[in-house]
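Biologist: I'd like to learn how to read a model like this one, feature by feature. Let's get it on the screen.

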Amino acid sequence: MNRSVWRNLVCCALAMGFVVTGSVQAQGAAAAAALPDFTGIVKENAPAVVHVEAKYNGKHASAMQMQGPGSGPQGPGSNDPQWILRHFFGMPMMPSPEEQAHTSLGSGFIISSDGYILTNNHVVAHADQVTVRLQDRRILTAKVVGTDPTYDIALLKVNAGGPLPTVHIGDSHTLKPGQWVLAIGSPFGFDYTVTQGIVSAVGRNLGAGDQQDTAFIQTDVPINRGNSGGPLFNLQGQVVGINSQIYSNTGGYLACRSRSRSTRP
C-alpha cells in the first residue's frame, strides 16, 4: 500500500473522529439545555428566607430539674438518675447541653408580609430569645406564637416596620419521585446557601418518637446543620416542604426529610 493511500485512510479516520466528537458535544449541549435553571427561583425567593438564632441561657432546664419528679413530660421523673443523685445524695453532675448556655442555628421563611415566619420547632423550642436575620442584614427579635412538635413546625412573628417579601406556598400532594427540588438556607451559618436535588420518595414514615404518623418527603438535596426550618421549593418556585431531618453516614450528599404540607389534617 503506497504512501498516498495511507494518508487518505488517516484523513478519513480523523474526520470520523471529529464527527463522533461533534456528536458527543451536541448530546452534551442538549443534556445541559434540559437541566433546570434555578437562578430565577433563587432571585425571587431568597429575600423571603431568613437566618434563625435561638439563644438558651440554661436556666429553663435547671428550673425544670429543681421541680423534681412529676414535673411534666419534659422534666425529670422518678426514673431520672440525674435528679435522684442530686436530690438524695447531693452528688454534683455534669450539666447537660440543655443546662448550658448555647445558641441553636436554623433557617426559616416569611409566609406573610406582616412578619409571620415558619421554621422548625426543634430550632426554637423553649428558647429564651429568638432572633431572625433578613437578607438586608437587619436583625429582628422574634416571638414564638405557635408550635407543633408532631410536625416539627414553629410559627414566629417579627415586627419589621413595613411589609416583608414572602414565599408562595405550593401543594406537596403533587410531588413525585424524580422531580427536581431546591433548598435555600443557612448551613453552618452560611446564609443563603442554595442546593438542589431530586425527590427520592414521598410519604416516608420514621416511626419514632412523637412523629410516628408523620409522613415526610425524602430528597437527596445536600442539607447540613443550619438548614433546619428552611424552605424546599419545586420548579415553580413554590414551597412544598420544610427541611427538618438529616440522615447521612458519609457527610456528603445527604438525604433530608422535609415537612410535607400534604400531611396536615
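Modeller: Start at the hairpin made by S4 and S5, which has five residues between its strands and, in the turn, arginine 137 with a positive phi of about 75°. Strands here are DSSP runs of E with at least two residues, helices are runs of H or I with at least four, and both are numbered from the N terminus. Keep in mind that this is a predicted model, where local features need pLDDT of at least 70 and side-chain atom pairs 80 or more, while totals for chains, interfaces and linings use all residues. Residues count from 1 along each chain as its sequence is written, and side-chain values rest on heavy atoms, without hydrogens or water.

Biologist: How many bridges pair S4 with S5?

Modeller: Strands in a sheet pair through backbone hydrogen bonds, parallel or antiparallel. Two strands count as paired from at least two DSSP bridges; S4 and S5 have four, in the antiparallel sense. One to look up is arginine 133, whose bridge partner in S5 is isoleucine 139.

Biologist: And how many bridges join S4 to S1?

Modeller: Five, with S1 and S4 running antiparallel. Along that pairing, histidine 51 has arginine 133 of S4 as its bridge partner, and valine 52 stands opposite valine 132 of S4.

Biologist: Why call S4 largely enclosed?

Modeller: Because four of its five residues are buried, the rest of the structure largely encloses it. Buried means under 20% relative accessible area, exposed over 50% and partly exposed in between (1.4 Å probe, protein chains only).

Biologist: What is valine 52 in contact with?

Modeller: Contact is heavy atoms within 4.5 Å. Skipping neighbours within four places in sequence, the partners of valine 52 include Ser104, Leu105, Gly106, Thr119, Val123, Val124, Val132 and Leu156.

Biologist: Where is glycine 189, and what does glycine 189 touch?

Modeller: Glycine 189 sits in the loop between S8 and S9 (193-205) and is partly exposed at 27%. Not counting residues up to four places away, glycine 189 touches His51 and Arg133, the pair that bridges S1 and S4. Its C-alpha is 9.2 Å from that of serine 107, though they are 82 residues apart along the chain.

Biologist: How many aromatic pairs turn up in the whole structure?

Modeller: One. Ring centres (for Trp, of the six-membered ring) must lie within 6.5 Å; planes under 30 degrees apart are stacked, over 60 edge-to-face, the rest tilted. Phenylalanine 38 and tryptophan 180 are edge-to-face, 6.0 Å centre to centre with 65° between the planes. Phenylalanine 38 is in the loop between H1 (3-34) and H2 (39-45) and tryptophan 180 is in S8 (180-185), so the pair ties together parts 142 residues apart in sequence. Phenylalanine 38 is buried at 13% relative accessibility, while tryptophan 180 is partly exposed at 28%.
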